[in-house]
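Subject: Structure handover

Hello,

Here is the structure for your files. My notes on it follow below.

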Amino acid sequence: MKPFLNVILLDYIIRIRSYSFLIILYITTAISYTFVPEPNANYSTIRIGEHVGYYNSAWFGYVTAIMTSIFLSLLGFYLVNNSIKKDLNTKVGQIIASTKIKNFTYLLSKTLSNFLVLLTIVFIIFVMSLVLFFLYNDGFDFELAQFIYPYIIITIPSVFFIAVLGVVFEVLLGKYSIIQNIMFFFMFSFLLLYSPQKEIEYAYDLLGSKIVIHQMEETVRSILPVEKADTDMTIGYVLANTIQAKKFKFNGVEFSLVFMSSRLLWMILGILLIIILSPIFHRFTVREYSLPKKRTKSRHIEHTPKEIILSTLPIPHTKLSMLPLIKTEILLLIRKGSLWLWLINGTGIVLLTTLNIKTAHQFILPILWFLQVHRLSDITSKEIQNHTFYFISSSFRPLQRVLTSQIIAGCCLMLFLAAPLLFRYAIEMSVLEILSIALGAFLIVSIAIFLGIITKGKKLFEVFFFFVTYANINVIPVVDYFGGTIKNTSHTLIIMCMTIIICSLSFLKRKLEINR
Amino acid sequence: MKLEIKNVSKHYGRKKQALQDFSLTIENGILGLLGPNGAGKSTLMKIIATIHKPTNGIILLNKNNIIKDANYMRGQLGFLPQDFGVYPNLNAFEFLTYIAAIKGVGGNALKTRITELLDGLNLLHAANKPIGSYSGGMKQRVGIAQALLNDPKIIIFDEPTVGLDPEERVRFRNLISDLATSRIVILSSHIVSDIDVIADQVAIMKKGALLAKGDLQYIIKEVTGKIFEVSIDSSRFSDFKHDQFVLSATRSQGSITVRYFSENPVEGSIQKKALLEDAYLHLTKS
């Protein structure tokens, strides 16, 4: 038992020691600070019609617990679904495969280590909810139970199952991270849209938030006359002044035994899934992820090499053109991923050409761009991942030439994909739309580059891009970076300024790295 | 060409000191850099290659301070790092073209030079296959090729022969041997015989400091006449090791032939010709 616990603990330590995890913790702390808005804030996170709850213990505990359950189910998956891939890429997997460890033990240890990582984030949000309660205290008593119950009953089972899903997706679709992302995207959307009708159906809600939402709606209904019963729940960041909202007293939820059992059953189901998948786990017999399947290993064949005298070889001239760099960066972007992804891209391009221009711009373009997430996410960090960093940093003017060519290559890819839409807008002479799309491409590439440079990894950008795309599909204007919903010059100018700032920060950080 | 390393120190944090007040002057020829793990060889090479900056000290290349003007060095540098990687989705030709662009070289001669280098390094037959499918030795040879792309005047090879089979090692030695006349070649290796055969000068490092520098004869002089071999019973080996400076031992049928350094050899010992490896072991272990 002790070696098993050591494996979990060490795996957990390795992951929390990473720089990107530190950044994610910062971001989590910042986001959790906004879960319950400051009393004078101009936004709300959970609102039932025109009502928000009094800032009592139950409101803080339940709101932060369900926000964490939703937020961490989405972010958490992207955070933990590369734990097996990491062992494969670092070749530690080959050592693991040669040990006595059973597939089930290994997968369970990965699941539990995923769970611990997510639990760390849950703990931070939990502490933040306590801090917020005392910060915004409305004169209500502090009741610790109202904080603990929702986290134990709602949040923890959700994040445990997400930890399981991280491993399940890796076992089933380990090689195809983009399919994992897309499948999880649909699965999460389904989970959010799921609407239980009967008492028993709350048990099927993995996120566990629906029962709390129902209770909140019921509470508001009970204080409103029937004809004014606007109890539509909005979850997420909605612009609305909190202090002007009507208040209702939320006293928490009395969870039924059936519901509580269902939460435990979700966790048991998770372990069952691991047991079922253990026999089909590849145990690191797969080839390296970066290589397509069909390529054969180059063998040393009988060949008499030419004896060359280096001093007699032709000497290349100094040529500081960036074109070969841009060409190779584009080649690297294009070759990343399988051929079938280009078929999907092709379908997206056809849809951009044929669909109604508004739909194409608002929905197809962000999805098509999001499908390039794996290409953009390591546009700058690939040097670290492939150990080519030394070549770059000992090269001639690396900052001005290499980084610029990476930005240009990324923009070329995004603009190529958006070309049909740009062409359609060009015919309509819609300059603002063309500018918005071009700046959108530039901004998202700049963010990919900046996050790659500061985290030296790709995870943070992947999570960020997923959130932004999800929000854009749900037509949340504040994250509209490509002019899909907001069409005015001031918004375009803001995007332009953001792009310039992020690009400048990227150059600055890279310069510091090179000068170090 | 003249490279002067003057009082260079490199600290990582407060405790770890990779280089301590290190000074060395290198002129045209091949300098072999020897030292145990953690001696500071790679740190020194990365500082010369302008990847790291020293905490103290300066480095002059033809009187130009490369700490301040890194591009002066970069324009004429060929560097093979110890732990380099490649982009697996590019083939050797594409990868070398990319590195050439990074180094700021091109023109009509580039294609010929890449082809010739690939041929000389026995990679031409695989030049159009993705590097991800190459063996470790083939990747190492791609690394060697990229270091020589721009006709560098300063070439730094950090463990260049790792992963190469004996035949390829010989080919590598032959390849760089004609560079020494008009260039500075700095070569580090754990394989003393590699340095022994090709280096004009040898520098031995330990714990970030220079222990010795000179030509082979100068380095070996320290131990000349003091290297002996004796055959002893294997049961006596432990005591022998305790009393003498053992350099190597070969086991054969119950007895052990021990090669050792001593000013007072034991009875029955035969004096042997001193080698670079003997001098290296004596300097770094004593």
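This is a predicted model: local features need pLDDT of at least 70, side-chain atom pairs count only at pLDDT 80 or more; totals for chains, interfaces and linings use all residues.

**A helix pair in chain A**

Take helix 13 (residues 357-370) of chain A and helix 20 (residues 459-473) of chain A. Their axes come within 10 Å and cross at roughly 165 degrees. Helix 13 of chain A and helix 20 of chain A are therefore roughly antiparallel to each other. The crossing of helix 13 of chain A past helix 20 of chain A is left-handed.

Which residues make the contact? Helix 13 of chain A supplies Phe363(A), Pro366(A), Ile367(A), Trp369(A) and Phe370(A). Helix 20 of chain A supplies Glu462(A), Phe465(A), Phe466(A), Thr469(A) and Ile473(A). By class, that contact has eight nonpolar residues, one polar and one charged.

Phe466(A) also turns up in the contacts of Asn181(A). Asn181(A) sits in helix 8 (residues 177-193) of chain A. Its relative accessibility is 7%, so Asn181(A) counts as buried. Leaving aside neighbours within four places in sequence, Asn181(A) touches Tyr78(A), Asn81(A), Val373(A) and Phe466(A).

**Cysteines**

There are zero disulfides over all chains. Cys412(A) is in none; the nearest cysteine sulfur belongs to Cys411(A), 7.1 Å away. A disulfide needs the two sulfur atoms within 2.5 Å. Cys412(A) has 35% relative accessibility and therefore counts as partly exposed. Cys497(A) is in no disulfide either, and its nearest cysteine sulfur, that of Cys503(A), is 13 Å away. At 43% relative accessibility, Cys497(A) counts as partly exposed.

**Chain B**

Helix 10 (residues 276-285) of chain B is largely enclosed by the rest of the structure, because eight of its ten residues are buried. Those buried residues are Leu276(B), Asp278(B), Ala279(B), Tyr280(B), Leu281(B), His282(B), Leu283(B) and Thr284(B).

Two loop residues in chain B are worth a look on screen. Glu159(B) has phi near 50 degrees, a positive value in a residue other than glycine. Glu159(B) lies in the loop between strand 8 (154-158) and helix 6 (166-177) of chain B. Is Glu159(B) buried or exposed? With a relative accessible area of 4%, Glu159(B) is buried.

Lys207(B) has phi near 45 degrees, again positive in a residue other than glycine. Its loop runs between strand 10 (201-206) and strand 11 (209-214) of chain B. Lys207(B) counts as exposed, at 59% relative accessibility.

Best wishes

Key: Residues are numbered from 1 along each chain as its sequence is written. Chains are lettered from A and ligands numbered from 1 in the order in which they are written. Side-chain values use heavy atoms; hydrogens and water are left out. Axes are lines fitted to C-alpha atoms, for helices over the stretch in contact, and angles run from 0 to 180 degrees between N-to-C directions. Helices (H or I, at least four residues) and strands (E, at least two) are DSSP runs, numbered from the N terminus. Angles under 35 degrees count as roughly parallel, over 145 as roughly antiparallel, 65 to 115 as roughly perpendicular and the rest as oblique. A crossing is left-handed if the near helix is turned anticlockwise from the far one by less than a right angle, and right-handed if clockwise. Contact means heavy atoms within 4.5 Å. Ala, Val, Leu, Ile, Met, Phe, Trp, Tyr, Cys and Pro count as nonpolar, Asp, Glu, Lys and Arg as charged, and the others, Gly among them, as polar. Buried means under 20% relative accessible area, exposed over 50%, partly exposed in between (1.4 Å probe, protein chains only).
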